[in-house]
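Here is a walk through some contacts and backbone details worth a look. Keep the viewer open while you read.

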Amino acid sequence: MDTSYETLSTIAKSFGLFYLIALSIGITIYAFCPSFGKRFDKAARSVLDDEEGPCR
Amino acid sequence: MLRKILKPFSKFFEFHARTHYRAERHSMGLTIGIIAAAAVGGFVEIAPLFSIDDTVEADPNMRVYTPLEQAGRDIYIREGCYACHSQMIRTLRDEVDRYGPYSLAVESQYDHPMLWGSKRTGPDLARVGEKFSDEWQVQHLADPRSLVPESVMPQYAFLLNTSLETASLPGRLAALRTVGVPYTDEQVANAADDARGQAIPDSDRAYAVEERYGEATNIRFFDGRRDRLTEMDALVAYLQILGGLSDLPRNMQIPEGD
Amino acid sequence: MMERLTVAERQQAMLITAVLALAGLILAIAGRNDPMGVHGWMTLFFAGGLFFVVGNALYAAEPTEDRTTSYYDDPTKVGILLSLFWAVVAMGMGVWVAAQLAWPDLRFDAAWSSFGRIRPVHTSGVIFGFGGNALIATSYHVMQRTSRARLAGHVSPWFVLLGFNLFCIIAASGYLMGITQSKEYAEPEWYADIWLVIVWVSYFVLYMRTLARRNEPHIYVANWYYMAFILVVAMLHIVNNLAVPASFSAAKSYSAFSGVQDAMTQWWYGHNAVAFFLTSGFLGMLYYFLPKRAERPIYSYRLSILSFWGIVFFYIWAGSHHLHYTAVPQWVQTLGMTFSVMLLVPSWASAGNALMTLNGAWGKVRDDATLRFMMVAAVFYGLSTFEGSFMAVRAVNSLSHYTDWTVGHVHAGAMGWVALITFGSIYALVPILWRRESMYSWKLVEWHFWLALIGTVIYVFAMWNSGIIQGLMWRTYTESGTLAYSFTDSLVAMHPYYVARTIGGAFFLTGAIIGAFNVIMTIRRVRQDTHELDYPTKSEAGEPAVPVAE
């Protein structure tokens, strides 16, 4: 293997951090995007009464 | 502009969106998202470890398991000994005082799989080799409470009465070679004979074992019986080599524990 | 049950079982000199038996009504019963292994009955047999309800469920014969691993196809958790089980990894088996059955999404906290510790979300043992994730590792969280599935609840005590600088706790037996809820079943 352990682990570690930051920002935006609010509320309520069979 | 270019295709897009695309988009997106989020952590932690040269200290004198020891290791695994005994001495002062120099990565370099364990219902065995005599080990395995009255270890007397199956040993060594243990062709081909030889000192087979695996190899009547090769022979041979594959830990200075 | 399959589907099932039986025969012949051959015969009988069951009813009447107007619940029902069966068997094994540590002579003298061989029967039996069947069964239920669509296919749900149980049987019987890879929670050998991959891929395809049929644009969050469970378990299973068989006529194989890499891979697997088998899947259960039973929507849907991604992302890093102070490079240990501590945030968000959902419905929790099961499960989830983050800190881990504290922690999660949420969901689900007015006996549900809670508390406290005492004894020095206690001294000190642990486990097992009895009596004795229609009823409260207005 050409790449040494040192470089590999440095790349791994820094990449991991950036990935973490990007992912958390992305998810926060998704979860708090106002346009999804209605959809989420609807989904949350949807499980309460779902025994009527598949809708068609 | 973009809209103009795409216009001829709008029918296709609409159709696509109405049927397949719409239903699949979310679940595929979710799948990709989960894989993307879940794959990275393992990759970051595990991949660098495969640039092994830097991870594992080098020991040119590192021994491989003889066929008899490997057979014993397989019995150790079969009986689930790893559920109660670890083989990993941590870099803590009390562990070093109790069990010996802390374990180095190189020592389990040829352990497929590793048997570091996760629980010590019994003591650590990483350096148990040659701490006790063969007789003690045999007696302890056959009836632990005759030597340690407080022990809760299961008794393994049946190992004394079970002949060791050696026919599959060449295949096992070959498989181990495939995954990276440096066995020679000769060692693989003679594995079954060597397993017998290691338990019959002063025989031609025993000399062959010495030649193939080195002078330091333990060649003894491990279970105390000369007439047959039992699973007890193999297991005791394995236990007696634990911690003895590499001299590196003993030669390195023992640092203070945290 | 056969009447809900068409003749073509029955033929398909016969073809699959015939191929499987043939595979079993090949395995039996190839492994005739090895315990693997026994597994070949078992596969042959398992698949052959199913072949004849289906074949017997091949030309029975076909379904007459339009199947798409109803949910397909037969596999769910069978899955629930299998789950309860495994619960009783595997928890029984657990009590036995626990008793062996207190009274080692209870091992008797057989080769198969030693601690090392039956311990994985207990762990795999509980995790895969009890937990896995419950997850598969409830996922079938949840994916259909939240998608408002019938399962995609009538053969593949059976293939997944029964194929998975074949894997469990091979695993458990293999340990007794000494077939094991020694990788904790991934002990089955190469042929069983390959079979599980086939089953698991079918499971994923089934899930995706059912979701593709859904009539809601948004996928309900419980499905996310189930999806993460299916996908990541597949990834973990495949990587950790990479191995080279010593021969294709024997069970033995050697892991592709060794030493440090193997340790890291194994605990990456091991810890994420906890994360994605024992957490993610069961959170899916929680996010569906808790709101359903409490008749209140989840407190914050946004929070459930945030904690989902937190759990999926953070957990993967945490595995190396099993390897503190070992030969694994220090930076890997530190990463594992850091992420384990961060993991507390999404974990407590989930637990808090569940408890806040119940806020305002405490009266229901007081009166309804089923809901109480779920509430206490959420509490234990919060407790054991806190404990887990705490134990992942290096300094704490130096004391707790290798001791019974770890065992106590695992059981706080497994009994307090996983088993309680499962039993709660089963009690919520059984009357709906079998269309019964209620459970056979609500008093027995109460009994089960209290036995399970007392058993868990006894068990966990015994193991906390023994683990901390053990860890302290190992590191205690005399004034002259020598170790104060021999290993045997620490073992002797464990005895009372091992006895207490066995008693706690026996309580829990008794509860599970009562639960299984109650479910069977519900199916056999309780009156059908009004009409016996294929239409699911509106709720378990006993309202008349109304066909959907088209």
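Does C:T502 count as buried or exposed? At 9% relative accessibility, C:T502 counts as buried, since the cut-off for that label is under 20% relative accessible area. One thing to keep in mind throughout: this is a predicted model.

## Around C:T502

C:T502 sits in helix α17 of chain C, which runs over residues 487–525. Setting aside neighbours within four places in sequence, its contacts are C:V95, C:A98, C:A99, C:A102 and C:W103.

For a sense of distance, take C:T502 and C:F52. They are 450 residues apart along the chain, and 42 Å separates their C-alpha atoms.

## Chain B meets chain C

The contact between these two chains draws 80 residues from chain B and 91 residues from chain C. Interface size is often quoted as the accessible area lost when the parts come together. Here chain B and chain C bury about 7200 Å² between them, with carbon and sulfur atoms giving 67% of that. On the chain B side, B:E45, B:R90 and B:R98 lose the most area to chain C, and together they make up 11% of what that side buries.

As for specific interactions, four salt bridges turn up across the interface of chain B and chain C. You can look for a salt bridge between the side chains of B:K119 and C:D404, at 3.1 Å from N to O. Polar contacts between chain B and chain C come to 25 residue pairs, counting pairs with both residues at pLDDT 80 or more. The elements of chain B that give two or more residues to this side are α2 (10–46), α3, α4, α5 and α8 (169–178). Of these, α2(B) supplies the largest share, 20 residues. Sorted by class, the chain B side has 38 nonpolar, 23 polar and 19 charged residues.

## Chain A meets chain C

Now for the other interface. It takes 32 residues from chain A and 40 residues from chain C. The area buried between chain A and chain C is about 3400 Å², 64% of it on carbon and sulfur atoms.

How many salt bridges cross the interface of chain A and chain C? The rule finds zero. Polar contact between chain A and chain C is counted for four residue pairs, again with both at pLDDT 80 or more. On the chain A side, α1 (5–32) and α2 (37–46) each supply at least two residues. The largest share of that side comes from α1(A), with 12 residues. By class, the chain A side splits into 17 nonpolar, six polar and nine charged residues.

## Two loop residues in chain B

B:S103 is in the loop between α5 (93–99) and α6 (134–142) of chain B. Its relative accessible area is 7%, so B:S103 is buried. The side chain of B:S103 reaches the backbone nitrogen of B:I89 at 2.9 Å. Beyond residues up to four places away in sequence, B:S103 touches B:Q87, B:M88, B:I89, B:A126, B:R127 and C:A327. B:S103 and B:Q240 are 137 residues apart in sequence, with 16 Å between their C-alpha atoms.

B:D59 belongs to the loop between α3 (52–55) and α4 (67–78) of chain B.

Most residues other than glycine have a negative phi, and most peptide bonds are trans. A few places here depart from that. The peptide bond from B:H112 to B:P113 is cis, with omega near -10°, and B:P113 lies in the loop between α5 and α6 of chain B.

Then come two positive phi values in chain C. C:S182 is not a glycine, yet its phi is about 70°. You'll find C:S182 in the loop between α5 (156–177) and α6 (190–212) of chain C, and at 7% relative accessibility C:S182 counts as buried. C:Y402, also a residue other than glycine, has phi near 75°. C:Y402 lies in the loop between α14 (394–400) and α15 (404–433) of chain C, and at 1% relative accessibility C:Y402 counts as buried.

Key. Residues are numbered from 1 along each chain as its sequence is written. Chains are lettered from A and ligands numbered from 1 in the order in which they are written. Side-chain values use heavy atoms; hydrogens and water are left out. Helices (H or I, at least four residues) and strands (E, at least two) are DSSP runs, numbered from the N terminus. Buried means under 20% relative accessible area, exposed over 50%, partly exposed in between (1.4 Å probe, protein chains only). Contact means heavy atoms within 4.5 Å. A polar contact is a pair of N or O atoms within 3.5 Å; within protein, one must be able to donate a hydrogen and the other to accept it, and residues adjacent in sequence count only if both atoms are side-chain atoms. Buried area is the accessible area (1.4 Å probe) that two parts lose on being put together, summed over both. Ala, Val, Leu, Ile, Met, Phe, Trp, Tyr, Cys and Pro count as nonpolar, Asp, Glu, Lys and Arg as charged, and the others, Gly among them, as polar.
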